[in-house]
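Have the model open while you read.

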Amino acid sequence: MTTVVVDEQMAQASNVLIYSAMLVYTGALAAFATDLSGRGRVAAAAPDEAHEGLRARELVAAGGASVGAAGAGAGGAGSVGSAGAGSGGGAEGGDGEAPVVRRQAAGIAVSLTWLAFGLHLAGVVARGLSAHRPPWGNMYEFTISGAVVVTGVFLLVLLRNDLRYLGTFVVGPVLLSLGLAITVLYTQSAQLLPALQSVWLVIHVTVAFTASALFTIAFSATVLQLVQDRRERLRAAGRPPRRGRFMDALPVAAELERTAYRLTAVAFPLWTFTVMAGAIWAERSWGRYWNWDPKEVWSFVIWVVYAGYLHARATRGWDGRRAAYLGLAGFACVIFNFAVVNIFFPGLHAYSGVG
Amino acid sequence: MVTAPEDLRNGPGTDDDVRLPGLGPVGWARWAWRRLTSMRTALLLLLLLAVAAVPGSVFPQRRIDPTRVDTYLTDHRSSGPWLDRLGAFDVYASPWFSAVYLLLFVSLVGCIVPRSRLHWRALRARPPAAPRRLERMPAYASALLEPGPDVAPDAVLAAARTALGRRRYRRADDEGSVAAERGRAAETGNLVFHVSLVALLVGIAAGSFLGYSGQVLVVEGETWANSLPRYDSFTPGRAVDADDLPPFTLTLNSLRVRFEDQVGGNQFGAPREFDADLTVTEGAGGTPRHRTMRVNRPLDVGGTRMFLVGNGYAPVFTVTDGEGNEVKSGPVPFLPQDQNYTSNGVLKLPDARPAQLGIQAFLLPTWVRAPDGRPRSIFPDATNPRVVLTAWTGDLGLDDGAAQSVYVLDTSRMTQLRQDGRPFTASLAPGESVRLPDGAGTVRFDGLRRYAALDIRYDPTKFWVLAAAVLALAGLTASLFVRRRRVWVRATPVPDGHDGVRTLVEVAGLSRTEDSRLGDEVRALLDALAGGDGGGGTGPADRPPGARKG
């Protein structure tokens, strides 16, 4: 039995790093928002261009670059995302008349996000080093570690697909949760409760973070999909929407839907693994692999709702918007499971350290 | 089913085509079966299952924490009994929850069986021949090869077969074309996933039938033997013979406990280490062996698994009654009430004379007097322990046969001892004793020991459940990420009007799943056949951008 003393200086350094990361995230958020507003584009496509026309020309441009775009998806063709991927993930690829438009603000935003990610990750690592253990022993640490995984997963996805339009809706929530963490949830660095002293803490929680990060990004895409879908229906009804012109720069609803689906399709098996790893750990720690503890109940509910989402996409009359609503419900459960169940529900998973 | 279009689940048109079935029981049964096994019903049942699971996290559950259920019932006298009747305190064993998941699994089986048959047939069938108009396919590319060596249609098709084989397609030859297919593992995975879920449920059910669990409290220095009467609570499965438990004994030599004392704030006093030091003897006359058990490190003995799930203090008391006889000497386990291990417990002394004696006590491991004058504990470790007690005389109520909790004193037929006109209380440090008023006796607080709360479990199916879960995950991953594709290559001779013959090479692809790389695949195949630059590939003109399947 060794008594490990908490390294106070390291814990302080962690706090400074987290504050710095928040500052840089704020800059990144501003830059992403500028990009969405269209101001950050050096030569933006003519704003009053008819929407469908713009899409149609993108199709031609993309088709010229690669047949891939023409056959992308199950019949869906010529989308911003796949065109970008088809032309080798070029940073400026697939944005209408590609070579002309340069999204300076988006470029700055991504660079700032990388910087903020570095600071944030260093802050999380310092927090772990301060107590010589993985940095997810209480609610404050869950939040900062979960947020760093969200940013990390987003940046990784960006390497392959141009989803920069999602930046505002990813960096925004990350910044918000860091703010909440440091103001409401802050807990002093310390060692772990006996029940958490296990290798499964690393496996179970890391995968849960990754799955939740993907669910978060998919959620952002789904919200945009529903907004875009509404705009498309208004336009089809002959009443073009007056507000929210920045949405014109985003992919069509069907493409956003596919993006959300792909992210969810990766997240779902990871969540399945999270539940399984949790069950294995529970068996070692409490003796029962499934105990219907509130946290387990909600993990199960999340699993079932997202399973419903995946089935709905394959059910006539339930695809598109209705499936999207299920996706939103699934994410609401993820947030509830994290925020409400941890703090307010008595149970075996009461590790929040809050209060 | 995860990725399958609906028409594979129940045949085309069942859902939209709500015609009245032919009357008669068979017709109705068939109609009900079709409804139940339709994708839409499965989806609704899934959502219903999610909703039905929620109350179990809101209301306390009898199988997890019966004490909290009782508290809830006392606090909600009007709504409580109704909630109880609806099964709100036993959600996961309630008829409605069971109905939802059983219907879901029936629907699932009703879907797996016909689909397995279809898939079995598909596994042995050849890839379907090329459609007449390949340019109608979602991905299409073509090239016109100038006359030269190796561009005759037969040579191109031979090259296509090689290229497709390298990409792990199954192939079939037709006149002037090659048909190819890959990714049947997706449907195999899908079926494995769903079959594994059924296996998982069966495994869990079998486990609760064949297994048992029990709770035990062992005080430091005491020895416990594995037999039914020694359990504090015991929950056997229906097929368990409780008289036939594996024989072993264990002695708790010591329980080492450490709490947080380095860091202040709300982490101060949080538990850091529980370490039980045991001597275990297996079988009759086995060799005693020294073992340790801690949280996250259970102990396997005689086919069962033992877990350290709790701990607390057992103050040691010596009580003499009013006639001078010793009626109690030994440790009494107390229940911790808060994070600082303020614990309460009860001594029932039915043998005390002239009247039965009951003592209610609080243990404060680190005793201080709070500013308001009331004693409280400020740290969970026993740095300054004190016991605060009061005493009752009368009838303990042990003789009427009704079950009583050992932690609760039934004071309905007892009177509290008084001193100076107020209820009697005493505060004792270890080694101190107090004389009860009215000559009722004396109580001495001898010292403090710890106890370990152990769960003992036997679950013979847990590895089967784990295997089913792992298979389900593997199947799920295959069903989501294996791309199901069909590709056709056709080579047609085209006279160029002189004496040469050019060859028109067409490649088309079709995917049943989300497949953003289908176009790349078709293009790459054409490039391989046409030697790098394939010339004018075109996408189908009649397909609007953003069109969705189905």
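This is a predicted model: local features need pLDDT of at least 70, side-chain atom pairs count only at pLDDT 80 or more; totals for chains, interfaces and linings use all residues.

Residues are numbered from 1 along each chain as its sequence is written, and chains are lettered from A and ligands numbered from 1 in the order in which they are written.

Q: What makes up the secondary structure of chain B?
A: Chain B has 11 helices and 26 strands. Here helices are DSSP runs of H or I with at least four residues, and strands are runs of E with at least two, numbered from the N terminus.

Q: Why are helix 3 and helix 7 of chain B called roughly antiparallel?
A: Angles run from 0 to 180 degrees between N-to-C directions, with axes being lines fitted to C-alpha atoms, for helices over the stretch in contact. Under 35 degrees counts as roughly parallel, over 145 as roughly antiparallel, 65 to 115 as roughly perpendicular and the rest as oblique. The axes of helix 3 (residues 39-53) and helix 7 (residues 95-124) of chain B cross at roughly 150 degrees and come within 9 Å. Helix 3 of chain B is therefore roughly antiparallel to helix 7 of chain B.

Q: Which classes of residue make the contact of helix 3 of chain B with helix 7 of chain B?
A: There are 13 nonpolar, 2 polar and no charged residues. Ala, Val, Leu, Ile, Met, Phe, Trp, Tyr, Cys and Pro count as nonpolar, Asp, Glu, Lys and Arg as charged, and the others, Gly among them, as polar.

Q: How do you know that helix 9 and helix 10 of chain B are roughly antiparallel?
A: The axes of helix 9 (residues 185-210) and helix 10 (residues 462-481) of chain B cross at roughly 160 degrees and come within 7 Å. By the cut-offs for angles, helix 9 and helix 10 of chain B are therefore roughly antiparallel to each other. Their contact divides into 17 nonpolar, 9 polar and 1 charged residues.

Q: Why does Trp292(A) count as partly exposed?
A: A residue is buried if 20 or more other C-beta atoms, placed from the backbone, lie within 10 Å of its own, exposed if 12 or fewer, and partly exposed in between. Trp292(A) has 18 C-beta neighbours inside 10 Å, so it counts as partly exposed. Trp292(A) is in the loop between helix 9 (253-285) and helix 10 (294-313) of chain A, and has a positive phi of about 55 degrees although it is not a glycine.

Q: What makes Asp438(B) partly exposed?
A: Asp438(B) has 14 C-beta neighbours inside 10 Å, so partly exposed is the label. Asp438(B) lies in the loop between strand 23 (433-435) and strand 24 (441-458) of chain B.

Q: Why is Ser227(B) called partly exposed?
A: Ser227(B) has 13 other C-beta atoms within 10 Å, so the label is partly exposed.
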